[in-house]
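Dear colleague,

Please find below the structure that I am handing over to you.

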Amino acid sequence: MPKPILTIKNLTKTYGQNVIFQNLDLTVNEGDTIVIIGPSGTGKSTLLRCVNLLTRPNEGQIWLDDLEITAKGTDEDQVRQHIGMVFQNFLLFNHLTALGNVKLGLTRVKHLSDEEATEKALHELSRVGLADRADHYPGQLSGGQQQRVGIARALAMDPRVMLFDEPTSALDPELIGEVLEVMRKLALDGMTMLVVTHEMGFAREVADRIVFMEKGYIVEEGSPDEMFNHPKFDRTREFLWKITELYGKKEKEAE
Amino acid sequence: MKKYLMLAVALILVGAMLVGCVSESTSVLDKIQKAKKVSVGTSADYPPYEYLDDAGNKTGFDIELMEEIAKRMGVELEWVDMPFDSLVAAVAGGKLDISISCFNYDEERDKIVDFSEAYYTTEDAFVVTSAFAGTISAPEDVANYKVGVQSGTVQDGWLTDNLVSAGLLPEANLSRYERVDQAALDLANGRIEVLMGDYVPIQALVTQNPDLQVVYRGVLSTGPINIVLPDGDTALKAEVDRIIKELQAEGFIDQLALKYFSE
Amino acid sequence: MDFGQFLSYIASGTVYTVGVTLIALPAGLLIGTILALFYVYGGKAAARVMNLYSTIFRGIPPVVLLFILFFAVSKGINLSAFWAGSLSLGVVSSAYQMEIVRGALLSVSGDQLMAARAVGLSRMQAIRYVVLPQAVRLAIPPWSNEAAIVIKDSSLVYALGVPEILRRAQLIGASSQQYLLAYLSAAVIYFLLVSLTTRMLNHLEQKLSIPSNP
Ligand SMILES: Nc1ncnc2c1ncn2[C@@H]1O[C@H](COP(=O)(O)OP(=O)(O)OP(=O)(O)O)[C@@H](O)[C@H]1O
Ligand SMILES: [Mg+2]
């Protein structure tokens, strides 16, 4: 029996008159990698931010394991510890070294001693292949390296689920590979992941399910094989064709 | 002037505070006598009334006079230096017991502080030699001649503000001297035609030198000067006025005028 | 009186100039920082109050506040001229420093705060450990400017009779009739004080700068 880690029911989010999505349902099982795709402005980032309680949904519920995190009186800070988030623009803390970035949550949130935090942070940095860059500041790292530090920072908190919001779309093509490689390894290690990306190679190879969102609705979801080879809707086929074309070109340029 | 505008704002506030404080009607005089100390404000940048000597100590006509007044009150004198514009507000606000700084009576100021009797009237005089052939029927007429004055004095200020700035007296025709006796020397040898000064030392000069004569005497620069006292404090005012009269009767104040307005 | 005496008389007012600055500037920083935090993170009502505070105290000429504090308010609490002057300059400066800190807080982007919260830091922790340390660095150059202004504004306490540099220049200028020389000496001392301070703050800025490859 697959065990759901993240359960989203009837989720609705509006900004003023602007309905971003309505009655959205999604379940993420333990160890699964779910890839969300969809055109710009569809509400993918908003969905991730709702899951992380960085914005409050208007209606609907979200459970993390058996805990309803959208319930009134939930300790948001407590919840966020268990949900790792990786941003499109990395968003490393600019005034801290790579090590400092990873340690901050460990010392301030998990209250580890300095020694324990350092040890744990170095371990996470070596997981993303950056142990030798521990005392570099973000400004001294390449985009790919920064994003890997961002991943290590999230991983250090031992999250139940990792959210990725277009983790490679701000990167130069030649730097995308190293980040995807880290994510692939994570997925293989059994991490539960919810990934917004347009890297179709990654989706095809790593995703357990692909979710296609458009205009605030989930149009279609299924295994990579179903989605790429036998999509139910023309819109899905069209969109997949478009981005494969677009990103395929980029990949070629990078080679 | 911006300064005065700000002062006015502050004064209004002080006034408002004072209205609230009328109830405590004990005289500042009691306080002074109990503490055996009077705190007096002055703006020590106005020679020869109040200024610093070479050693950096306060000196001048007002300074020495106030020291004598304090002595006769039997109390110690504590000087507080403050810019002229702040002195009235400081007395009104109770920060100072008294201010002495060549103050003229002024209706606006009188609303928030009191004034003592005038302790001195700065009268100005023009003096010429017997060789002088011109006529001076009004003070402004001196603009037609070569004029001498002790530099930095209130008379210097009057000539500069009223004649030189107005374009009546060419700057080249105004000679400024360190001391009045130097000016008198130049008057005698004809380098200047008219000498302006405080009436008291000018009169002393004329007594010594019969060739000189006063052609004008009147209040131009400063006029009567008074000590600034807390508003409505009749006891303190009576005491200060009494001592001033005493000092005037003894000739003490004229002595001081001679000392400070001629050298 | 020789020139050496002259200069040393004016220079001895430096104690007061430095003293007033050393009270006004940190007091302004403390108040300004706290108010800026309320301004940026305290919600709309707090922002409106802070905006009013800023408008009032940047609008009042410092010397007026000085007079109010010394001649009116301090009737009750009996502040000395030195303290009344230092504190009113501190209050005026706090309004400017609030704007400096606020600007710095705002330009450390809201994204940094979001990233910190995503790790699980509370709002207070995120501000304390992520936003403030970066804002401080951004605030140093405009703060250096404000420091220079406070040093020069400290001369305003002369209005209360504090014998600082400017007042001493006036006094010795009057007694010697060498006004030009007196004010020039004062200007030289102010110049030295301001350039020394600016240098120290430049040094601090460099020391705190975050390493990066161009
Ligand atoms: N804080 C906000 N206030 C108002 N509107 C917002 C806010 N954040 C996002 N939106 C709007 O919500 C819609 C969905 O935005 P979102 O960023 O979730 O889309 P997305 O699917 O992630 O798009 P992209 O591929 O460009 O990242 C957009 O129209 C956006 O303008
Ligand atoms: Mg997005």
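This is a predicted model: local features need pLDDT of at least 70, side-chain atom pairs count only at pLDDT 80 or more; totals for chains, interfaces and linings use all residues.

A salt bridge, as the term is used here, is a side-chain nitrogen of Lys or Arg within 4 Å of a carboxyl oxygen of Asp or Glu. By that criterion, the side chains of Asp97(B) and Lys31(B) form a salt bridge, with N and O 2.7 Å apart. Asp97(B) is in the loop between helix H4 (84–92) and strand S5 (98–103) of chain B, while Lys31(B) belongs to helix H2 (residues 28–35) of chain B, so the pair ties together parts that are 66 residues apart in sequence. Helices (H or I, at least four residues) and strands (E, at least two) are DSSP runs, numbered from the N terminus.

Residues are numbered from 1 along each chain as its sequence is written, chains are lettered from A and ligands numbered from 1 in the order in which they are written, and side-chain values use heavy atoms, with hydrogens and water left out.

Asp97(B) is buried at 5% relative accessibility, whereas Lys31(B) is partly exposed, at 46%. Also in chain B, salt bridges that share partners join Glu68(B), Lys71(B), Arg72(B), Glu239(B), Arg242(B), Glu246(B) and Glu250(B) into one network. Over all chains, the search of the whole structure finds 37 salt bridges.

Chain A provides two further examples. Glu124(A) and Lys120(A) are joined by a salt bridge of 3.1 Å, N to O. These two residues are four apart in helix H4 (residues 114–127) of chain A, which means that about one helical turn separates them. Glu124(A) is buried, with a relative accessible area of 1%. The other example is the salt bridge of Glu205(A) with Arg184(A), whose closest N and O atoms are 3.1 Å apart. This pair links distant parts of the chain, 21 residues apart: Glu205(A) is in helix H7 (residues 200–206) of chain A and Arg184(A) in helix H6 (residues 173–188) of chain A. Glu205(A) is exposed, at 54% relative accessible area.

Which residues lie around ligand 1? Counting a residue as near if one of its heavy atoms lies within 4 Å, they are Tyr15(A), Ile20(A), Ser40(A), Gly41(A), Thr42(A), Gly43(A), Lys44(A), Ser45(A), Thr46(A), Arg49(A) and Glu166(A). Helix H1 (residues 44–51) of chain A supplies the largest share of this shell, four residues. Backbone N or O atoms lie at the following distances from an oxygen atom of ligand 1: 2.8 Å for Gly41(A), 3.1 Å for Thr42(A) and 2.9 Å for Lys44(A). The protein covers 60% of the 640 Å² of accessible area that ligand 1 has on its own; accessible areas come from the Shrake-Rupley method with a 1.4 Å probe, and for residues only the protein chains shown count as cover.

Chain C

The secondary structure of chain C consists of nine helices and zero strands. Its C-alpha trace spans about 70 × 50 × 25 Å along the principal axes, and 49% of its 214 residues count as buried. Phe38(C), in helix H2 (residues 14–41) of chain C, is partly exposed, with a relative accessible area of 44%.

Backbone angles

Two residues deserve mention for their phi angles. Most residues other than glycine have a negative phi. Asn23(A), in strand S2 (residues 18–29) of chain A, has a positive phi near 50 degrees. This residue is partly exposed, with a relative accessible area of 49%. Lys36(B) likewise has a positive phi, of about 55 degrees, although it is not a glycine. Lys36(B) is found in the loop between H2 and strand S1 (37–42) of chain B and is exposed, at 52% relative accessibility.

With kind regards

Definitions and conventions: A polar contact is a pair of N or O atoms within 3.5 Å; within protein, one must be able to donate a hydrogen and the other to accept it, and residues adjacent in sequence count only if both atoms are side-chain atoms. Buried means under 20% relative accessible area, exposed over 50%, partly exposed in between (1.4 Å probe, protein chains only).
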